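Thanks for making the time, everyone.

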Amino acid sequence: MIPPRLIFRKGLMKVLDQRLLPDRIVYLPVRDAAGTAKATRDMALRGAPLIGCAAAFGFALELRRLRPGSGPELARTAAKTADLLKAARPTAVALFYAADRMLGKALAFASAHPAAFSSADRNKLFEMLDREARLVTSEDEAACEAMGRFGARLLPKGCVIMTHCNAGALATMGIGTAVGVITAGHKAGKVARAYSCETRPYLQGARLTIWELMRESVPSELITDNMAAHIIKTCGVNAIVVGADRIASNGDTANKIGTYALAVLAKYHKIPFYVAAPVPTIDLKARDGDAIIIEERSTEEVTFIKGNRIAPRGVRVRHPAFDVTPAPLITGLITEKGVISPVTRANIAKTLSR
Ligand code: MRU
């Protein structure tokens, strides 16, 4: 079992600090939106769907601090809270989806209460926001289950599968997206072995994914990112599955840096390359991958490992945290509404309209 990622009670959220995994299981107390945004920025909380769920709870926590007032005051606080949460990280659209969904609820309440509202009304607002945050979470959980079911059906018996970064339970409130496909495939008796790429520079594959696979008893091996081509060629890898942070309306997919290289490798080796992601990951406002903002993270994540410098002082460094895989390289998008294949603008629109 993977420990709970978020524990939410009225007025307090406890966040599993993923920076300390796999060595220690420690929960950080978070009481407001600023604390949620900080835990997200600092990577205590990570993974696209999870930072969305946390943002929903962070929003509910922040509004619980609201003093008695009027609708317009509530609307201002709600908008500021959503902006604060959305500024934490730029690429994963789940964060924007959840913050905007909570904002929508608060604004609807504000416009229904243009004058001062009573403390009974305030309590109704708090309950309603807690409920909505729990709904965001339970929808994510259900989406993961469905993706696991659809994805497992795609895998051949005796499948040797590779994944990148961590799109597992630790990145969601359910069984995970890409890792959920692997564990569901394993339960169906189809997975012979899984490879987890270590995922430099932040090592989500080495610290988190392989830990999850081991805990779920999936036969699995950890490799460094530069071993991927050799392992695909020599170890019978016959599928790659990854998660996504944002999918443009034409299917171009932003995911952890290194994903694009794996998609190119899959094409060369004629093996399927799947992206597993819940529907809120699809950003219809992004026409294609060029519209997706790629987060640039601290260069120290590249030049240091566990506090030890590994590159010369003063070195020039780049650290794009994500890359964009063009839709034609993706065999199928595994969503909770089914598998979209081929990955085209028309097929995405058709699935979303169901
Ligand atoms: O920087 P991270 O660790 O938040 O990046 C996570 C990923 O890139 C995941 O693959 C993605 O968020 C999908 S998680 C289901």
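Leaving aside its neighbours within four places in sequence, which residues is methionine 147 in contact with? Before I answer, please keep in mind that what you see is a predicted model, and that every value I quote is computed from it. The contacts of methionine 147, with those neighbours set aside, are Thr177, Val181, Ala276, Ala277, Pro278, Ile334, Thr335 and Glu336. Methionine 147 sits in helix 5, and its relative accessible area is 0%, so it is buried. Isoleucine 161, by comparison, is 14 residues away from methionine 147 in sequence, and the two C-alpha atoms are 16 Å apart in space.

Let me step back to the chain as a whole. The protein chain has eleven helices and 16 strands, and its C-alpha trace spans about 70 × 50 × 40 Å along the principal axes. For 354 residues, a compact globule would have a radius of gyration near 20 Å, and the 20 Å of this chain agrees with that. Of those 354 residues, 56% count as buried. If we take the contacts with a separation of 6 or more, 76% of them are accounted for by residues 24 or more positions apart. The chain exposes about 15,100 Å², of which carbon and sulfur atoms supply 56%.

To return to leucine 129, its contacts, with neighbours within four places in sequence left aside, are Phe59, Ala60, Leu63, Met102, Lys105 and Ala106.

The next region is helix 7, which covers residues 204–215. From first C-alpha to last, this helix of twelve residues reaches 16 Å, close to the 16 Å expected at 1.5 Å a residue. Why can we call helix 7 largely enclosed by the rest of the structure? Because nine of its twelve residues are buried; among them are Gly205, Thr209, Ile210 and Leu213. The buried residues of helix 7 pack against strand 4 (159–163), helix 6 (178–187), strand 5 (191–197), strand 6 (220–223) and strand 9 (253–256).

Serine 196 counts as buried at 0% relative accessibility, and a polar atom of its side chain lies 3.1 Å from the backbone oxygen of glycine 205. Among the residues that serine 196 touches, not counting those up to four places away in sequence, are Gly205, Thr209, Ile210 and Leu213, as well as Glu221, Leu222 and Ile223.

Finally, the backbone, where I would remind you that most residues other than glycine have a negative phi, and most peptide bonds are trans. The loop between strand 5 and helix 7 contains proline 201, and the peptide bond from arginine 200 to proline 201 is cis, with omega near 5 degrees. Leucine 203 is found in the loop between strand 5 and helix 7 as well, and its phi is positive, near 65 degrees. Just after helix 7, serine 217 takes a positive phi of about 60 degrees. Elsewhere, the bond from leucine 21 to proline 22 is cis, again with omega near 5 degrees, and lysine 270 has a positive phi near 55 degrees. Lysine 270 is exposed, with a relative accessible area of 75%, whereas leucine 203 is buried at 16%.

How values were computed: Residues numbered from 1 in each chain as written. Predicted model: local features only at pLDDT ≥ 70, side-chain atom pairs only at ≥ 80, totals over all residues. Heavy atoms only, no water. Helix = DSSP H or I, 4+ residues; strand = E, 2+ residues; numbered from the N terminus. Expected span 1.5 Å × (residues − 1). Buried < 20%, exposed > 50% of the residue type's maximum accessible area, 1.4 Å probe, protein only. Contact = heavy atoms within 4.5 Å. Rg over C-alpha atoms; globule rule 2.2 N^0.38 Å. Areas by Shrake-Rupley, 256 points an atom, 1.4 Å probe, with all protein chains shown as cover. Polar contact = N/O pair within 3.5 Å; in protein donor to acceptor, adjacent residues only side chain to side chain.
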